[in-house]
Amino acid sequence: MGENSCLYKITKNDQLGRYIIAAKNIKQGQLILKENPVILCPQIGGCTICFNCCAQIKKVQFCSECAVAVLCSSECKGQFHTPQECSVIIKKTPIKREDLLTNPEIVTPFRYLLWRHFNKELFQAVLQLENHLELRRDSQIWRRTHINVENVLHELKMVDDADLKNEIVQKICAVLDINTFEVRQPQRNRSGFNPGENLRGLYLSAAMMAHDCVANVHLAVDDEFVLYVHAAVDIPEGAPILFNYANVLQGNEERQSQLKDGKYFFCSCSRCTDPTELGTEMSSLKCPRCHKGFIRPKSWQCSLCQRIYHSSLIKMTLAECRRRIDEIRSPDIRTLEKLLQKLSFTFHPHHYLILEVEQNLIGLYTQSPPETKNLRRKIEMCNKFLDIFRKIEPGISRIQAIGLYELHSAVVSLAERIYKSKETDKEGFMKMLLLAESTLKNSIKSLLYEPVKSPEGRLAQNALSELKMLRATISNFQSEEKKVEKKKSNKGNKKKK
Ligand SMILES: [Zn+2]
Ligand SMILES: [Zn+2]
Ligand SMILES: [Zn+2]
Ligand SMILES: [Zn+2]
């Protein structure tokens, strides 16, 4: 953190517990924190990962020193399986490799418990994080933890009766569920490594950011799991630093149940308390009676004819449409466009289910031949998405950046195509290229906050070279235009003579 630690400070209240606020006025784009993870682990029930590099394991190998730590290869050294961890496993634990392999859910708590022998400070710091233990008590996840983790670690003598009384194992599992961020496994081309399944990363300072469905920070994790938090918008002194834990592309009720089940709190942010969801209408349905009004959460009352619909009816409608979307196994453009047409009778054009289908469509149009019709459709959808993104994820935003990138590429393709077919003249062609240029520039503005060593960072590099090429095309075209004009005016002059 170093020189930036002065940008935020920790504060406390009854509602949020400990959380961080801006210690001074923070400008859009400023780096608020940069942090290494203290724990990296799989999702509950997820894959087995290397103790050292966290890659997904295909062929299990073991550390040659402790013979317990699972590694992706015997040469994997020097990252998270530290010499201290290795020697504590040998000297202080009765654990055998089979114990970990047959009880994958104990691995992370087991490694955490090892800290008692060599990093008490960190052991305590993690325990201080929010755990909402009382809300979890006797829940399904509580019982699962009790059977799969607590009992097993007790039998293996990793925890004693005092630990059980202190509920150390329940606490650490709760801390992980509530405070970790989803991080990607980096794309490394090593045999036996399967990128894909996301991991969970615990970052001590970032864990203290409060949640809001409209974040004021931009979060990025690089290939080495370093987390960067930049201000997405200007943040005034004293304002909380807010991160969005929920999926920004879901509706109010879906986000809220995700937050309630996973993070144990009820969100009452500006988006959650607004039936129009900041004017996006992402949860709104069309009224089947008057066909003109919209029915919005949570009253589900038509904005025009005032009819109230029962929430169970809305739930059923959503479930039915969800089923229709999910039953499409290998989506193609025609099938999805047809489905969209059907959905459009029921939903506002900005409803999150419609957006979900359109997001898939944008991907399919990108892969399909660049026909004029396809490109125009892609541009139309990109513009609609960007209007919505600006409201739900304002400022520096990854989804905005990617949307802008897709929009620019469709505009360039369309410009080239219709200029070739003489559907537009030079002036129209140039107008479109200039539009694509400014769109790409806006995309890059956000992408530059992505760490260099990350997929988005690499997209930023591509985008920069594409911008260069696009500018070269534009200036070539413009100078050719000038030559032609000069010739014309020369001819004109000669005639005058
Ligand atoms: Zn490894
Ligand atoms: Zn070892
Ligand atoms: Zn919210
Ligand atoms: Zn109505």
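Is Cys305 buried, exposed or partly exposed, and at what relative accessibility? In this predicted model, Cys305 has a relative accessibility of 23% and therefore counts as partly exposed, given that the buried class ends under 20% and the exposed class begins over 50%.

## The chain as a whole

The protein chain contains 16 helices and 15 strands, and its C-alpha atoms fill a box of roughly 105 × 60 × 50 Å when the box is taken along the principal axes. Of its 497 residues, 48% count as buried. Where contacts in the chain join residues at least 6 apart in sequence, 62% of them join residues at least 24 apart.

The chain exposes about 26,000 Å², of which carbon and sulfur atoms supply 51%. As for charge, there are 74 positive and 57 negative charges in the chain, and their mean positions lie 8 Å apart.

## The zinc ion (ligand 4)

Cys305 is one of the residues that coordinate the zinc ion (ligand 4), which is held through the SG atoms of Cys287, Cys290, Cys302 and Cys305 at 2.2 to 2.4 Å. The 4 donor atoms subtend angles of 106 to 119° around this ion, and the arrangement is therefore tetrahedral. Along the chain, the donors of this site follow the spacing C-x2-C-x11-C-x2-C. Two of them link distant parts of the chain, since Cys290 lies in the loop between strand E13 (285–286) and strand E14 (294–296), whereas Cys305 lies in the loop between strand E15 (301–302) and helix H10 (311–326), 15 residues apart.

Cys290, like Cys305, is partly exposed: the relative accessible area of Cys290 is 23%, and the relative accessibility of Cys305 is 23%.

## The zinc ion (ligand 1)

The zinc ion (ligand 1) is coordinated by the SG atoms of Cys50, Cys53, Cys72 and Cys76, at 2.3 Å. Its 4 donor atoms subtend angles of 105 to 116°, which makes this arrangement tetrahedral, and in sequence the donor residues are spaced C-x2-C-x18-C-x3-C.

## Asn374 in helix H13

Asn374 is found in helix H13, which spans residues 372–392, and counts as buried at 10% relative accessibility. When residues up to four places away in sequence are not counted, Asn374 touches Tyr365, Ser368 and Pro369. Between Asn374 and Ala410 the C-alpha to C-alpha distance is 9.2 Å in space, while the two residues are 36 residues apart in sequence.

Conventions:
Residues are numbered from 1 along each chain as its sequence is written. Chains are lettered from A and ligands numbered from 1 in the order in which they are written. This is a predicted model: local features need pLDDT of at least 70, side-chain atom pairs count only at pLDDT 80 or more; totals for chains, interfaces and linings use all residues. Side-chain values use heavy atoms; hydrogens and water are left out. Donors are N, O and S atoms within 2.8 Å of the metal (3.2 Å for Na, K and Ca); water is not among the atoms, so sites may look incomplete. Four donors count as tetrahedral if all angles lie between 85 and 135 degrees; four count as square planar and six as octahedral if opposite donors are over 155 degrees apart and all others between 65 and 115; anything else is irregular. Helices (H or I, at least four residues) and strands (E, at least two) are DSSP runs, numbered from the N terminus. Buried means under 20% relative accessible area, exposed over 50%, partly exposed in between (1.4 Å probe, protein chains only). Contact means heavy atoms within 4.5 Å. Accessible areas come from the Shrake-Rupley method with a 1.4 Å probe; for residues, only the protein chains shown count as cover. Lys and Arg count as positive and Asp and Glu as negative; His and the chain ends are not counted. The place of a charge is taken as NZ of Lys, CZ of Arg, CG of Asp or CD of Glu.
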